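Subject: Structure for you to look at

Hello,

Here is the structure I promised to pass on. Please open it alongside this note, and I will walk you through what turned up.

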Amino acid sequence: MNFNILTLGCKVNQYESQAMREELLHNGFTLSEDKERADVTVINTCTVTSVSDAKNRKLIHRVRRQNPDGIIVLTGCMPQAFPDDTESFEACDIVLGNRERGRLVPAIREFMQSRLQMIEIPAHMDRGAVFENLSVSSFGEHTRAFIKIEDGCNRFCSYCIIPYARGRVRSKPLEELKKELVTVAGSGYREVVLVGINLSAYGQGEDFDLADAVEAACATEGIERVRLGSLEPEQMDAPLIARLAAQKKFCPQFHLSLQSGCDKTLRAMNRHYDSAQYERIVADLRAAFPNAAMTTDVMVGFAGESEEDFQASLEFVKKIGFAKVHVFPYSVRKGTRAEKMPGHVSPAEKERRAKAMIEATEISRKEFLRTQTGLTEEVLFERLRHGYLEGYTKNYTPVHVFSTDASLCGRICKVKLAEAGEDCCVGRRGFLR
C-alpha cells in the first residue's frame, strides 16, 4: 500500500510526521508518487487557532474527494483538543490522538480487516506522562534536521488551547537524544534545530535542562551548527545563557515569544514576564552573543487591548529592534479563558493594528539586514533557486549568492555580505572561500 502524509502547523508537527513516515516505510508501506492520491493519507493537524481548524476541515474534505476509497487517518492537535467534535471526523476512517501515534500501523491494519471507523483519543495524564518514543533519521532533501526534545506545556496562557492538545511538560531523555543526534549526523545533516512545544521547559522535573541538550548536540561529531526553536523568554536566565555562549557550534538566533509589549495585556494573557524583564533578557543575550538576531511573535487586538495598550506594545517592539517579527491579529479560540473576556476588538481594528505593527517591524527588519552588510559570515547553502544559491548565516540571516553551482548545497562557505536586499543579504560569488 502507498501513503501520503499531509502536515499542518509547527516544526514539532513536521518532526512527528517524519517519524510516522519512517514508521510506515519500515513496515512495508511505500510513499505515493502522486501527492494527491494514495491508499492511505495521514493528516497531521494543527489547532492553534480557529483558522487552523477551518484549514484542517477543508483539507479533510479535499482528500476525501480525491481519494473516495482511500483510508484517511486524522491525528495531531485538533482531535486531541476537541475529541467530542465528531462531526469534523466524519470523513475520516481512523482518528488518533496525540498519545496514539505509535498505534498508526496497527490501526491501519485493523481497519483494513474491520472497515469500521476507529477513534482513539485517550486524555492526557496530569501526572506521570512519559515522553513519546519517536525518532527520525532524515528529513528528505533538507540541510537541517529538526529534533523534538520536549512536548506539552504547563503555562495555560489565556488565549491558548495547546496545553489541552499537548498535555503537560515532558522531555526526551538525554541518552535517547544523544542516540538520535548520532543518527542524523550520520545521515549527513550539518545543522540541527532542537524544538518543542515549550522548549525552554526541557528537563523540567528531571536532572537535565536545555543547556544539557545543546551541549550534547554540539558534542556530536559531524554536526556543525546547533539552533533552538521558539523560546519562552523568562526561562532564559544568566546560568543558561552562559552555558550556551560557551558552545562554539551554537547559533546566536533567539526566537523569544513576546506576544505583547504592553504589561497590562501581558497580564491578561497570563504571560509570565513583563516588558522590563523581557528587555533585560534581550540585553543579556546581546551581551553574551555579539551580532545575535532576536526574532519574535506579536499579537495585536487581544481581548481588552485599548488603543493606548496597542501603542505601548508598538513602541516597545520598535525599541527592541527585532531582526524579524511574525505579526498576527488575535483569533478567538474556543475553550480558552480569553474567549469569554470582555472588550473584544473588531476585525477591522485588528487589521489596522496589524498593518501598523507590520510596517514598524519591516523597518527594523531592513535595519537589521543593513547592519549585516560588510561582514564575512559562514553560510550554509540550502538550495539552488533560479540563478542563485540560498542559505543562512549562523544568526539566520538569509543570504543569496548569484551562482548556479549546485554542488555548494549542503556546504558551509564563508561569504562577504555585500549589500542588503528587501528580505535578505546579497553576497558575490567572488567572496566564496
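A residue counts as buried when its relative accessible area is under 20%, as exposed when that area is over 50%, and as partly exposed in between. With that cut-off, 54% of the 433 residues of the protein chain are buried. Please keep in mind that this is a predicted model.

First, the overall picture. The protein chain contains twelve helices and 18 strands. Its radius of gyration is 22 Å, close to the 22 Å that the globule rule gives for 433 residues, so the chain is as compact as a globular protein of that length. The C-alpha trace spans about 65 × 55 × 45 Å along its principal axes. If you look at contacts between residues at least 6 apart in sequence, 73% of them join residues at least 24 apart.

The buried ones are Leu 210, Ala 211, Ala 213, Val 214, Ala 216, Ala 217 and Cys 218. What lies over them? The cover includes strand 7, helix 6, strand 9 (191-196), strand 10 (225-228) and helix 8.

Two packed helices are described by the angle between their axes and the distance between the axes.

Helix 8 partner: the axes of helix 7 (residues 210-218) and helix 8 (residues 238-245) come within 9 Å and cross at roughly 5°. Helix 7 and helix 8 are therefore roughly parallel. On the helix 7 side the contact involves Leu 210, Ala 211, Asp 212, Val 214 and Glu 215, and on the helix 8 side Leu 240, Arg 243 and Leu 244. By class, that contact of helix 7 with helix 8 has five nonpolar, no polar and three charged residues.

Helix 6 partner: the axes of helix 6 (residues 174-186) and helix 7 come within 10 Å and cross at roughly 30°. An angle under 35 degrees counts as roughly parallel, so helix 6 is roughly parallel to helix 7. The crossing of helix 6 past helix 7 is right-handed. Leu 174, Leu 177, Lys 178 and Leu 181 of helix 6 meet Asp 212, Ala 213, Ala 216 and Ala 217 of helix 7. The residues of this contact of helix 6 with helix 7 divide into six nonpolar, no polar and two charged.

A few single residues are also worth a click. Which residue sits in the loop between strand 7 (144-151) and helix 5 (162-166)? That is Phe 156, which has a positive phi of about 55° although it is not a glycine. Phe 156 is partly exposed, with a relative accessible area of 23%. Asn 270 also has a positive phi, about 60°, and is not a glycine. Asn 270 lies in the loop between helix 9 (263-269) and helix 10 (275-288), and its relative accessible area of 25% makes it partly exposed.

Leaving aside residues up to four places away in sequence, Thr 75 touches Met 20, Val 42, Ile 43, Asn 44, Thr 45, Leu 96, Gly 97 and Arg 101.

Definitions and conventions
Residues are numbered from 1 along each chain as its sequence is written. This is a predicted model: local features need pLDDT of at least 70, side-chain atom pairs count only at pLDDT 80 or more; totals for chains, interfaces and linings use all residues. Side-chain values use heavy atoms; hydrogens and water are left out. Axes are lines fitted to C-alpha atoms, for helices over the stretch in contact, and angles run from 0 to 180 degrees between N-to-C directions. Helices (H or I, at least four residues) and strands (E, at least two) are DSSP runs, numbered from the N terminus. Angles under 35 degrees count as roughly parallel, over 145 as roughly antiparallel, 65 to 115 as roughly perpendicular and the rest as oblique. Contact means heavy atoms within 4.5 Å. Ala, Val, Leu, Ile, Met, Phe, Trp, Tyr, Cys and Pro count as nonpolar, Asp, Glu, Lys and Arg as charged, and the others, Gly among them, as polar. A crossing is left-handed if the near helix is turned anticlockwise from the far one by less than a right angle, and right-handed if clockwise. The radius of gyration is taken over C-alpha atoms; the globule rule is 2.2 Å times the number of residues to the power 0.38. Buried means under 20% relative accessible area, exposed over 50%, partly exposed in between (1.4 Å probe, protein chains only).
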